[in-house]
Amino acid sequence: MNDFDLVRKNLFRKPLRTILLTVSIFMAFLIFGMLTSLNVALNAASETGTSGNRLIVSNKINFTQPLPIAYVNRVATIEGVTGVTHQSWFGAYYQDQRKSRFVGFYVDPETYLNLYGDEVRLTEAEKKAFLSERTGVLVGKSLADLYGWKLGQTIPISSNIYVKPDGSRTWDMKITGIFTGAKPTDSTSAIYFHYDYVNETRTFGRDTIGNIAIRSASPDLNDRIAKVVDATFANSPAETSTVDEKTFARAFLKQAGDLNFIVSMVVAAAFTAILMIVSTTLVSAMRERTKEIGVMKTLGFSSPRVLRMVLGEALLLSTMGAVLGLGVSALILKGLAKSPAGAQFGDLSMAPVVAITGLMLAISLGLVTGAIPAVSALRMSIIDALNRR
Amino acid sequence: MSALIQLNNVTKNYRRGKEGIAIFDGLTMGIEEGDFVAIMGPSGSGKTTLLNLLGGTDRTDGGEIWFDGERIDGYSEGQLAAWRARSVGFIFQFYNLMPVLTAAQNVELPLMLTKLSPKKRRDNVETALKIVELSDRAKHKPKELSGGQQQRVAIARAIVSDPKLILADEPTGDLDRATANDILRTLQLLNKELGKTIVMVTHDPEAARFATRTLHLDKGRFVEAMA
């Protein structure tokens, strides 16, 4: 028998109480694991493919408002601009709108691949096929794997925004390329297809685009180019707001609310509640054992050793709950990542930083909840402890 | 026999509210090695306080306490804990066993404070349980044992690290006569066969008869000593 055996036996002296406490901690860490991983995945997805020398021009009112396509050629003439393309949100889904939505942009194929060729990696043959096939679509590898799509296959892609003249919302598209990202970890849960194909067959919004992407000659020129672009379209029916690509990505994400703030608040609320419950329970559990602590000290266990054992119990409890919570959330995330719904969030998994932060949090939780009973055990005099009924 | 414990001019006061109460005011006594001393006296006479001072679980306000040639009253908390672990075995009225541990694990507790190998620890636990005739109950938890058996486990715990001194606070106070006599015979055996020095606080004159001498304490002073 060693100190750890004693800690373990004491912790499980009332199994129901320990199980209930573990479940409470488990729930807090499940929430932490799920929400934090989701947030990390969304942040990573928003950063994927962003570049320091690219700018995004969108409607000043809101990026969901369209811009006239004529803006593209005017932006291209601005000094310092070395490349221009445009992209428009399609509201894409495959078969079932609720279960299989994903990122879908209709783009100008040639200029788009010129600007985003590093992030949308294709073979030369795929690139050629995409440029020459009006109904061609490039699908990300993770989407292709998820739905079992093959090169050359024609797939029905629907829009939750646009309607065709016949009332249908579905465009048949031929897979001409399956792209990978610049890095293996980059999200490839997206599709890209021809602007012309959609523009010619949609019932509204003709000759408009979502936003314009600019490549500048140097990141140092970004501010100046942004000012010139916005000045060019000032006082027009569609004024612009030009920002660098990372800022745009973050703003896009913020449409869903300040996720970082929401996640922090929810996690903080869960942990505060758990902190109160666990501390109170441990204090009362330790009070029940006052006499035993007195006996241990009488037998010769030093006060610091007793303190370590009491803290050990709190640490073991919080670590058990945390490992279970983080483990289960990692499994759920793994399952979600394989589902169509999960594909919308990019590459969902528990990042090592989330797991490590979770374990650090568990240690802090253990130390904080164990502090009061441990210090009272440390200070407890043998005489007082043994005389307590 | 030489004095294992020597108290010289010990004073001990307690505060009750604003009032200070003197428990001992210059108490001097000696306990020889191999002695089996029963300490009797009315409630509040200072019996348990004396036992606490002898066991280093309470501190004097003045005077000296010597144990086996070492002066222990100036020891720090840590030094006292280490000294108790190697020199003193404790037996309580209500056994005070750990309910989550088996009899053998309870007996092993003091050995966690030693550097003995796991095998040596197991051997010592077996021997201690054999001495108190509880080998067959080694894997039982306290709630599965009778009061007498629990007290015998407590005795095994008190002797397992082979301390020179055993302090027993009303060891039979919670037991029926027959079981109490059993326990007292075991203590007598430890004293006679193993040479343990035993100091036992008791209210029970029957119990005191098992000791080699009895000290009567009243208002912090020994009033009578019987051989």
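**The sheet of chain A**

Modeller: The domain assignment of chain A, from an automatic or database source, gives domain 1 (3–45 + 258–387) and domain 2 (66–237). The C-alpha centres of these two domains lie 47 Å apart. The model is predicted: local features need pLDDT of at least 70, side-chain atom pairs count only at pLDDT 80 or more, and totals for chains, interfaces and linings use all residues. Residues are numbered from 1 along each chain as its sequence is written, while chains are lettered from A and ligands numbered from 1 in the order in which they are written.

The sheet is open and mixed, with 10 strands in the order 4-7-8-6-9-5-3-11-1-12. Strands (E, at least two residues) and helices (H or I, at least four) are DSSP runs numbered from the N terminus, and two strands pair if DSSP finds at least two bridges between them. Strand 4 (92–93) and strand 12 (240–244) of chain A are the edges; each has a single partner strand, so one side of each is left without a neighbour in the sheet.

Strand 7 (residues 154–159) and strand 8 (residues 170–179) of chain A are antiparallel and pair over five bridges. Within this pairing, A:Ile157 stands opposite A:Trp171 of strand 8.

Helix 5 (residues 124–132) of chain A packs on the sheet, where it touches strand 6 (136–140) and strand 8. Contact requires C-beta atoms, placed from the backbone, within 7 Å. The direction of helix 5 makes about 160° with that of strand 8; axes are lines fitted to C-alpha atoms, for helices over the stretch in contact, and angles run from 0 to 180 degrees between N-to-C directions. Helix 8 (residues 222–232) of chain A also packs on the sheet, touching strand 1 (54–59), strand 3 (81–89), strand 11 (211–216) and strand 12, and its direction makes about 170° with that of strand 12.

Conventions:
Two residues are in contact if their C-beta atoms, placed from the backbone, lie within 7 Å.
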